[in-house]
Amino acid sequence: MNMRRFFLIAVPYVWLLALFLIPFFIVFKISLSDLALSIPPYTPTMKDGIGQMIKAFDFENFVFLTTDDLYWKAYLSSLKIALFSTVLALLVGYPMAYGMARAPEEWRPTLMMLVILPFWTSFLIRVYAWVGILSNEGFLNQFLLWTGVISTPLAIMNTTTAVYIGIVYTYLPFMILPIYAALDRLDESLIEAAQDLGCSRTKAFWLVTVPLSRSGIIAGCFLVFIPALGEFVIPSLLGGSGTLMIGKVLFEEFFNNRDWPVASAVAVILLLILIVPIILFQRNQQRQAEAET
Amino acid sequence: MRRASWFNVTALTLGFAFLYLPMVLLVIYSFNSSKLVTVWAGFSTKWYGELLQNEAFLDAAVITLKVAVASSTLATILGTMAAYVLVRGGRFLGRTLFSGMIYAPLVMPEVITGLSLLLLFIGIGLDRGVLTIVLAHTTFSMCYVSVVVSSRLVSFDRSLEEAALDLGCSPFDAFRLVTLPIIAPAVISGWLLAFTLSLDDLVIASFTTGPSSTTLPIKIWSAVRLGVSPEINALSTIMIGIVTVGVISASLVSKRNAVKAQQDMQAAERGAT
């Protein structure tokens, strides 16, 4: 019995230690190393002995990140893009979640499935679908030219606007689902009570519905913000060379420049930035779980 | 039913149009005979034919499926174990660290996971290829499986297990005969989730792949970076079709099971009176 329990705990534990936690320490270690023209392209390695290795550590790569303004611009621009996309996703997602929660009971499973279905389809394909829509001779420009709204094609593709559209589009289900769950639990008699007590419909919405769906809003926002911050595919495919995002910088630093120590330092800083929203998100989830029990 | 419902209907219509229009256009234009993807020139299935002739894509598809089956099966076993440990394991040394390691990969940027795994594989001298992608995919998808399975484990009545133990089952038999059938739907959806995550992954696979093992997303990525192509539209349509059929039939099955469970309950109540 005890052997079995030990085995049950040890197997997934060791797996995660070896393939999740230890790799982070390796990233951290390499971020403190110097670039070398060899394979692997960094010094020092463990072969030189631990003492030698630690002696050679320095914060050169982190200093480099602060001197080259490419990096801090990329961090700032990632934060800005992630923040604005989260707000946009909330503005699009909240009315949808609200509409779903107020829809007739028998429609809800179908609506729910329609929200979840895109989540199961390939992320890459969904982003790619926008290339054909947003490009200069794409569907959107064709349509707008045909209706006569514009006379020259709009340049949306390869701009930050395209990145916003892409992020809102791919992460919208993550915004809708927690808000819908919160609105679905909401006791409608509370809204009726507010109206009986003289609130207008709008006032009842802002004073009752929105505060009571707060935990859903917070969860949805973090579920969009956190992955958007390190996003690589969307800025690379839709943003072109003009859009600076840190996930893309890391990828290029690693594959194109082959500067592993700097790529690792970029990753360490990104992780430090993410710790705050991740902890806030976990806290929100815990509070919600406690409120339910 | 309510006065503002025109607003709800508009929000839902526009929202779903936004979610589905891009994919609908992609599907329609995969049947376009013109090489110019955005100019309609008549119905044709020739891009599907060309896709089937394209051996690079077929090879990549086979590798992707192998990786997805292997990693999702491993992830389901490990993830179910982890869920059981989290929900039923009681206290043990490093429990907080363990649950942290289950939840952290869910919110970790893919570039960081990919980079860290690659550095590990190089550090221990493991050649990159199918094996390393399987290891990488198993690691992040086992966390998703464990979240799905543990939510099911939390909600079910523990006394059922205890009854089996009282009636003389060994703990393993109690798990096999009582717990497993009850959590089976969650285990299956966990497997499906892990499978799709693996099929879909570009970033982590790019980091952990070797020269001989190109997966389908990597192949698609290198093609779409050059712009829209009708062959990729055809491939996308096939993938969207498979997912749509899968999700709709899964929801029909679960609906039928729910109806059946309800009927069983009613029959049991009738029997009791």
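This is a predicted model: local features need pLDDT of at least 70, side-chain atom pairs count only at pLDDT 80 or more; totals for chains, interfaces and linings use all residues.
In chain B, 77% of the contacts with a separation of 6 or more are between residues 24 or more positions apart. Between the chains, 65 residues of chain A are in contact with 59 residues of chain B.

**Chain B as a whole**

- The secondary structure of chain B consists of eleven helices and zero strands, and the pattern read along its sequence is α-α-α-α-α-α-α-α-α-α-α.
- Chain B has a radius of gyration of 23 Å, which is well over the 19 Å given by the globule rule for 273 residues, so chain B is more spread out than a compact globule.
- Taken along the principal axes, the box filled by the C-alpha atoms of chain B is roughly 70 × 65 × 35 Å, and buried residues account for 39% of the 273 residues in the chain.

**Chain A as a whole**

- Chain A contains 14 helices and two strands.
- With a radius of gyration of 24 Å, well over the 19 Å that the globule rule gives for 293 residues, chain A is more spread out than a compact globule.
- The C-alpha trace of chain A spans about 75 × 70 × 35 Å along its principal axes, while 45% of the 293 residues of chain A count as buried.
- Where contacts in chain A join residues at least 6 apart in sequence, 72% of them are between residues at least 24 apart.

**The side of chain A that touches chain B**

- The contact between the chains involves 65 residues of chain A and 59 residues of chain B, and helix H1 (residues 2–31) of chain A supplies the largest share of the chain A side, with 16 residues.
- By class, the residues on this side of chain A are 53 nonpolar, eight polar and four charged.

**Two helix pairs of chain A**

- Two packed helices are described by the angle between their axes and the distance between the axes.
- Helix H4 (residues 69–102) of chain A and helix H8 (residues 160–185) of chain A have axes that come within 6 Å and cross at roughly 45 degrees, and H4(A) and H8(A) are therefore oblique to each other.
- The crossing of H4(A) and H8(A) is right-handed, and their contact is made up of 23 nonpolar, three polar and one charged residues.
- For helix H9 (residues 188–196) of chain A and helix H10 (residues 201–212) of chain A, the axes come within 9 Å and cross at roughly 130 degrees, so that H9(A) and H10(A) are likewise oblique to each other.
- H9(A) and H10(A) cross in a right-handed sense; on the H9(A) side the contact is made by Leu190(A), Ile191(A), Ala194(A) and Gln195(A), and on the H10(A) side by Arg201(A), Ala204(A), Leu207(A), Val208(A) and Thr209(A).
- The residues of this contact of H9(A) with H10(A) comprise six nonpolar, two polar and one charged.

**Phe31(B) and its surroundings**

- Phe31(B) lies in the loop between helix H1 (5–29) and helix H2 (46–53) of chain B, and because it has 18 C-beta neighbours inside 10 Å, Phe31(B) counts as partly exposed.
- Neighbours within four places in sequence aside, Phe31(B) is in contact with Phe43(B), Ser44(B) and Thr45(B).
- Although Phe31(B) and Glu231(B) are 200 residues apart along the chain, their C-alpha atoms are separated by 10.0 Å.

Notes. Residues are numbered from 1 along each chain as its sequence is written. Chains are lettered from A and ligands numbered from 1 in the order in which they are written. Two residues are in contact if their C-beta atoms, placed from the backbone, lie within 7 Å. Helices (H or I, at least four residues) and strands (E, at least two) are DSSP runs, numbered from the N terminus. Ala, Val, Leu, Ile, Met, Phe, Trp, Tyr, Cys and Pro count as nonpolar, Asp, Glu, Lys and Arg as charged, and the others, Gly among them, as polar. Axes are lines fitted to C-alpha atoms, for helices over the stretch in contact, and angles run from 0 to 180 degrees between N-to-C directions. Angles under 35 degrees count as roughly parallel, over 145 as roughly antiparallel, 65 to 115 as roughly perpendicular and the rest as oblique. A crossing is left-handed if the near helix is turned anticlockwise from the far one by less than a right angle, and right-handed if clockwise. The radius of gyration is taken over C-alpha atoms; the globule rule is 2.2 Å times the number of residues to the power 0.38. A residue is buried if 20 or more other C-beta atoms lie within 10 Å of its own, exposed if 12 or fewer, and partly exposed in between; C-beta atoms are placed from the backbone.
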